[in-house]
Amino acid sequence: MLEVRDLQAFYGKSHILQGVSFDIAEGEIVSLLGRNGVGRSTTCKAVMGEVPPQGSIKFRGTELVGKKQHEIARLGIGYVPENRDVFPTLTVRQNLVLGMKSMKQEGRWSIDDMFDLFSNLRERADIRAGALSGGEQQMLTMCRTLMGDPDLIMIDEPTEGLSPQMVEKVAGLLEEIARRKVSILLVEQKLTIALRISHRVYVMGHGHMVFDGTPEALLNDAQIRSEWLEV
Amino acid sequence: MELVVFSLLNGLVTGLLLFMLSSGLTLIFSMMGVLNFAHASFYMLGAYFAYTISGYMGFWVGLIFAPILVGVVGALIQRYGLRYVHRWGHVAELVFTFGLAFLIEEVVQFFWGKATKDYHEPELLDFPLFTLFGQSFPAYKAFMIFISIGIFIALLMMLTRTRVGLIIQAAITHPNTVANLGHNVPLVFMGVFGVGSALAGLAGVIAGPALGTFPGMAFVLGSIVFVVIVVGGLGSLAGAFVASLLIGWLQTFAIALDYSMTDLLDLLGVSFSDDHVLRDLWSLSLPQVAPILPYLLLILILIFRPTGLMGKRET
């Protein structure tokens, strides 16, 4: 579904991604692990065209390098950034409506689905999104992206700074997304959820992949974990 | 009483006209972060386009098509000029719009000449709407109020009740996020620039017959519009509305009230001899200083409330 080959990206003169290659198959859940600053978020931004990429990124055979952000999103890729970018002056419902690519869109998800999954959002449907708690904003950002009915969703650090109860809700949503046959690229620093739900994991270090395998293989590879993941 | 009523009405006309110009400028600034120095030039283009169209097909056809033409010109300038210049930053954009203002003025003089054009209100509205205290209020001014309020309500509805309005509101603060959701943000920017220009053009169409259609009309109103958006708060539509009315009334009352500092000092029993060095300063009347009052207000706002009346952004 997604084939990334020799991906390079720069912030000014800093060479952030130094030849990143990875694949995601249809319906697969893949986690991208690594310490802060190794280029995991930049990888997502490069796929979305938010950071100018070099190399090759193919989504169902279509080359994404050179395409504009909205064109990439319309091909079926969703992106949930780590900074919980809700539109603070709009209501929860308006945020969800903006997630849809058009009002005629009929996809896997409806606003009622979102409200059924997170009753908090239903109760606060007509409240400005800026007034929600951090956890609720995270939920809203994920739900808003799902309203666009992506076939692949990239989720950056969804559990960062959340309470254990909220982390469980996020895990539940990820499992629901997978049940509806949406591929997931999960960017995480914590291993717990990533290893629980992923089919495969990649570990990044200094702008390139240093590990590719199953969660079990990563658990058994103490050297990789100590060198690239543990603090 | 007569003075208060008519000053309120005339101030309302001026204020709403200023709002029609400043609302577009505010939206454009909110989205692109650049002050469009050529905005008032679109106001002038609106008046000249309407003058030409009305010569062939009458005022009402001009009222509809001139703003549309100006909107198309604005959108094309954004698409093929500003969007290209944007890559070199806001200073380049500012210089671009500054040059554009001069270019449009030269083009207007080239095609229409330097003389004031004989652009009048339609016969249908050329009558006094009512007479109060022996003074009549023209129907055309009431029409200007009606159009301006209609535009204000339509703009408010569009921004708050439609999906396009929601996209615009979101794109103002989070353009990247909106693009990641599959919305064509550059197209939205172009549309907003076009609509903003069309609003300025409409202001020109209805102000041309009342305030005169001449090559300097952009300069006359343009500088006041910048005062409006700074006083209201850069990027605040509500602030632009309040500041437009405030400045409209401030100017109208200042012109109507024929008082000077000497009158006030006389009341306090203070007087100056005719050869006193400050005599000329004290004898200045309010109508004489009316044109500089908006700029005085601008300076006071910048000193005491740099974010403007309702803005959040530093001026």
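Reader: Is T141(A) buried or exposed?
Author: Residues are numbered from 1 along each chain as its sequence is written, with chains lettered from A and ligands numbered from 1 in the order in which they are written. The model is predicted, local features need pLDDT of at least 70, side-chain atom pairs count only at pLDDT 80 or more, and totals for chains, interfaces and linings use all residues, while side-chain values use heavy atoms, without hydrogens and water. A residue is called buried under 20% relative accessible area, exposed over 50% and partly exposed in between, with a 1.4 Å probe and protein chains only. The relative accessible area of T141(A) is 0%, so this residue is buried.

Reader: Which residue has its backbone oxygen 2.6 Å from a polar atom of the side chain of T141(A)?
Author: T141(A) belongs to helix 6 of chain A, residues 134–146. Helices (H or I, at least four residues) and strands (E, at least two) are DSSP runs numbered from the N terminus. The backbone oxygen at 2.6 Å from a polar side-chain atom of T141(A) is that of Q137(A).

Reader: With which residues is T141(A) in contact, leaving aside its neighbours within four places in sequence?
Author: Contact requires heavy atoms within 4.5 Å. With the neighbours within four places in sequence left aside, the partners of T141(A) are V80(A), P81(A), R84(A), D85(A) and V86(A).

Reader: Where in chain A does P52(A) lie, and is it buried or exposed?
Author: P52(A) is in the loop between helix 1 (40–48) and strand 4 (53–59) of chain A. Beyond the neighbours within four places in sequence, it is in contact with Q8(A) and A9(A). Its C-alpha atom is separated by 9.8 Å from that of K67(A), 15 residues away along the chain. Since its relative accessible area is 61%, P52(A) counts as exposed.

Reader: How far apart are the C-alpha centres of domain 1 and domain 2 of chain A?
Author: The bounds come from an automatic or database domain assignment. This assignment gives domain 1 (2–76 + 151–229) and domain 2 (91–149) in chain A. The distance between their C-alpha centres is 23 Å.

Reader: What area is buried between these two domains of chain A, and which three residues of domain 1 lose the most?
Author: Buried area is the accessible area (1.4 Å probe) that two parts lose on being put together, summed over both. Between domain 1 and domain 2 of chain A it is about 1500 Å², with 71% from carbon and sulfur atoms. Together giving 37% of what the domain 1 side buries, the residues that lose the most area to domain 2 are M166(A), L173(A) and R180(A).

Reader: Which element gives the largest share of the side of domain 1 that touches domain 2 in chain A?
Author: The elements giving two or more residues to this side are helix 2 (69–75), strand 7 (152–156) and helix 7 (164–179) of chain A. The largest share, seven residues, comes from helix 7.

Reader: How many residue pairs are in polar contact across the interface of chain B and chain A?
Author: The contact takes 16 residues from chain B and 23 residues from chain A, and zero salt bridges are found across this interface. A polar contact is a pair of N or O atoms within 3.5 Å; within protein, one must be able to donate a hydrogen and the other to accept it, and residues adjacent in sequence count only if both atoms are side-chain atoms. With both residues at pLDDT 80 or more, the number of such pairs is 10.

Reader: What is phi of D6(A), and in which strand does D6(A) lie?
Author: Most residues other than glycine have a negative phi. D6(A), not a glycine, has a positive phi near 50°. At 44% relative accessibility, D6(A) is partly exposed. Its place is in residues 2–11 of chain A, strand 1.

Terms used:
Salt bridge = Lys/Arg side-chain N within 4 Å of Asp/Glu carboxyl O.
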